[in-house]
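The entries follow in the order I looked things up.

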Amino acid sequence: MSEEAINYPVPDAAMKGAHVSGMPAYLKLVAEADVDLGAYWARLAREFVSWKTPFTQSLDESGAPFFKWFEDGTLNASYNCLDRHVERGRGDKVAILFEADDGQVSRVTYSDLLARTCRLANALKARGVKKGDRVVIYMSMSVEGVVAMQACARIGATHSVVFGGFSAQSLRDRIAGAGAVMVITADEQLRGGKQLPLKAIVEEAMTLGGCESIKDVIVYRRTGGQIAWDASRDRWMHEETEKQGDTCEPEWVGAEHPLFLLYTSGSTGKPKGVQHSTGGYLVQAAVSTTWTFDLRDEDVFWCTADIGWVTGHTYITYGPLAIGATQVVFEGVPTYPDAGRFWKMIQDHKVSVFYTAPTAIRSLIKAAEASEAVHPRSYDLTSLRILGSVGEPINPAAWEWYHQHVGGGRCPIVDTFWQTETGGHMITPLPGATPLVPGSCTLPFPGIAAAVVDETGNDVPHGQGGLLVVKKPWPGMIRNIWGDPERFKVSYFPPELKGYYLAGDGSIRDAKTGYFTITGRIDDVLNVSGHRMGTMEIESALVSCTALVAEAAVVGRPDETTGETICAFIVLKGPRPTGDEARKIATELRNWVAKEIGPIAKPKDIRFGDNLPKTRSGKIMRRLLRSIAKDEAITQDTSTLENPAVLEQLMERN
C-alpha cells in the first residue's frame, strides 16, 4: 500500500452532517482519548447510555488484566434498547423490519418489541429464571431470537446464544460449559426454502450427558413440524407468554454484571466462553454503531449476520436498538430464491446502510457474472449511503466490485476489524472522515490503542509485519473466559507482550499512511466465511471417528469464496485408500464432522497418508502441510523429517 493507493477520498455527501466529519474531527477524538482515556469513555458512557445509578469511576486497572469499567454504576441493557425510546415518545418508530425466508414482511415497533420482551421476561421469571442464571438460546434469525436475548437482559440472566447450525455435541458442550438452567429454541428453522431441525438437535444434546442443569426448554413454534416432546420439561413459548403481562420492571445490574457468554473456538480445541459485561459492552456497541455506520434517525440499517455470532449481538440485538435505529432482520440466505435476494431486499426496504461479509460478496460476484438477472445493476440500490464489511479481511478485488456495483461508486465502505473478544469495532474507517484504501481496515476506532509489535512487545517500524495488539483497555473488551481465568490471561495478555491485549492476528502498517492491513491468524484458528474454528476442534472431531481415523491434522488454505477453507490430512487405521474408496471415506468423514461440530466445519479437501510428516521428536510439521494444502512446492528444510516419503502421498488429491 502506498500513499497513492488512497484513491478514495471522503465524498462530500458522506462528510456532510456526519457524526464524525472530516479527519480533523477524528484526530480530535483520538487526542482526547490519548490525554485521559478514562474521562473520554466516561463522557461517551454518559452521552450514549442511560444509567439508573450514575457511575463515579470510569476505568479500574487495579486488577489488570481483569479491567473494570463504570463499576459502581447500575443500568439495564433492555431498558436502554427499548423503554427509553418509548418513554421519549418514539414507541411508534419501527425497530425491526423482519423478512422471513419466504419473503413475508412484518414490522415491529419499539412499543411492540418492548411488550413482547416483557411478556417473555415474565414467563422466564415464572419458570424460576433469576438474575445471574445462564440461558442458552439456540434459534435461527427471528424477532423471537432478539426478544429472547432482550428478555434475558431484562431480568439479569446471562444469555449464551449458540448458532443454529451447530451440532448436538457443540450445543451440549456450550450448555455444560455455561451451566445453563434453560434452553430457548424453536421447533424448526426455515433457510433457503428448507425446514431444518432445532428442537430435535436440543433433544439429542440432552442425551449426551452434561445437560443436567437444564430445567426447562422453551420452544417457539416456527413451522409447526412434528417434534419430540417432554411434558415435564418442554413449554411452548406462545402458551407461556400469552398469560403474562406487557410490563416487566427491569433488573438493575452493576456495570460489570455478565450480559452474555459467547463461545468461540480456540487453538487448544475446547471452545472458550467469552464473557462480556453489561455497561462497558453497551457503551461500545452504541458508540461504534453510531460512528462507524454514521447512523441517523431516518436510516434503515441492515446487518446480515446471525445472532449466533458476535456481529449479530453487537450490530443487531444491542447497538442499533440502543440508539433507536430501524433495522432489517432477515431469516433466510442470500441465494434463495435466487442470488438477487440481497439486492431485492435493499430495493424493497430502502436500506441505506448495509453490513455484510466478504464471503457473501464473493459468492454473489460469481452469481452476478453468470446472470444479469441477479446482478446488482438490475435493482434500484440508490437508497444505499454506506456499505460495510465484517468477519475477515476483504480482498481488494471484492472491495472494488462491492464499491462499484453495489455502492454505485458513491458509498464509503467501512472495512471493520474486530473480534468476539473485543465487543465492537477496533480498527475501521469512519465514513465521514477516513479516506479509503481497498483491502485496508485503515485506522483505529477513536479510543482504541492498536499497535503492531514483535514477539517481545516492542513496536515494529511501519511497513514491517508483526503481531497486532491493543496497548490500553477499552470498555467493550472481554472480561474473562467463563470459568477459566488462567486461560484468559495466557490467551490474551501474555507476559512477554508487556501485558498488551494479543489479538491473535498478524498486521502491517503502511509506511506512509499508518493504515493497518490484517495479514491473517497467527495461531491455529481458521476463519471460514467469517466463522472462527479451532484446528484442534476439527481434528478432535475427526479422531473421534474411532472406527476409521488413527490421526488427523487440519490446516487452512486461502479460498476465493470463503476466505479460508479447511484441508484435513488423515491417517486411517487401515491401509491408505485411493480412488473411489478414498472419495467414499472422505465423504463419510465430512458427514461425521458435520454431525460433531456443524456443516460449516466440513473439510473441503481431505487427503490420506500412511503417516503425517513429523520430526524425529514426533512433532507434526504443520508448515509443510500448509504448503501442501496450497499446492506450493516444498522449499522448506525437510532434513529433520522422520518420514519424508509421506509428503508425496499427501500431495495427492481425492
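**Burial and overall build.** I started with burial: 61% of the 654 residues in the protein are buried. Buried means under 20% relative accessible area, exposed over 50%, and partly exposed in between, with a 1.4 Å probe and protein chains only. This is a predicted model, where local features need pLDDT of at least 70, side-chain atom pairs count only at pLDDT 80 or more, and totals for chains, interfaces and linings use all residues. Residues are numbered from 1 along each chain as its sequence is written, and side-chain values use heavy atoms, with hydrogens and water left out.

I counted 19 helices and 30 strands. These are DSSP runs numbered from the N terminus: helices are H or I of at least four residues, strands are E of at least two. The radius of gyration is 24 Å, close to the 26 Å of the globule rule for 654 residues, so the protein is as compact as a globular protein of that length. That radius is taken over C-alpha atoms, and the rule is 2.2 Å times the number of residues to the power 0.38. The C-alpha trace spans about 75 × 65 × 60 Å along the principal axes.

I then checked contacts, meaning heavy atoms within 4.5 Å. Of the contacts between residues at least 6 apart in sequence, 71% join residues at least 24 apart.

The accessible surface comes to about 24,000 Å², and 51% of it belongs to carbon and sulfur atoms. The areas come from the Shrake-Rupley method with a 1.4 Å probe; for residues, only the protein chains shown count as cover.

**Helix 7.** I asked which residues of helix 7 are buried. In this helix, residues 168-178, they are Ala168, Ser170, Leu171, Arg174, Ile175 and Ala178. They cover an arc of only 165° around the axis, which puts them on the same side of helix 7. The arc is that of the directions from the helix axis to the C-beta atoms. Their cover includes strand 6 (134-138), strand 8 (182-186), helix 8 (199-206), strand 14 (258-264), helix 16 (535-543) and helix 17 (579-596). After helix 7 comes Gly179, with a positive phi near 65°.

I also looked at Ser167, in the loop between strand 7 (158-161) and helix 7. Ser167 is buried, at 5% relative accessibility. Beyond its neighbours within four places in sequence, Ser167 contacts Ile201, Ala594, Lys595, Glu596, Ile597 and Gly598.

**Helix 15.** The buried residues of helix 15 (485-492) are Arg487, Phe488 and Tyr492. Their arc around the axis is only 105°, which puts them on the same side of helix 15. What do the buried residues of helix 15 pack against? I found strand 15 (272-277), strand 23 (480-481) and strand 24 (501-509).

Lys498 sits in the loop between helix 15 and strand 24. Its phi is near 65°, a positive value in a residue other than glycine. Lys498 is partly exposed, at 48% relative accessibility.

**Other backbone entries.** Thr442 is not a glycine, yet its phi is positive, about 70°. I placed Thr442 in the loop between strand 20 (413-415) and strand 21 (450-453). Is Thr442 buried or exposed? At 0% relative accessibility, Thr442 counts as buried.

I noted a cis peptide bond from Ala64 to Pro65, with omega near 10°. Pro65 is in the loop between strand 1 (59-60) and strand 2 (68-69). A cis bond also joins Tyr336 and Pro337, with omega about 0°. Pro337 belongs to the loop between strand 17 (326-330) and helix 12 (341-349).

Asp60 is in strand 1. Asp60 is buried, with a relative accessible area of 16%. Leaving aside neighbours within four places in sequence, Asp60 is in contact with Phe67, Lys68 and Glu71.

Glu372 lies in the loop between helix 13 (358-370) and strand 19 (386-389). Glu372 is partly exposed, at 44% relative accessibility. With neighbours within four places in sequence set aside, Glu372 contacts Arg377 and Ser378. From Glu372 to Ala629 I read 35 Å in space, C-alpha to C-alpha, and 257 residues in sequence.
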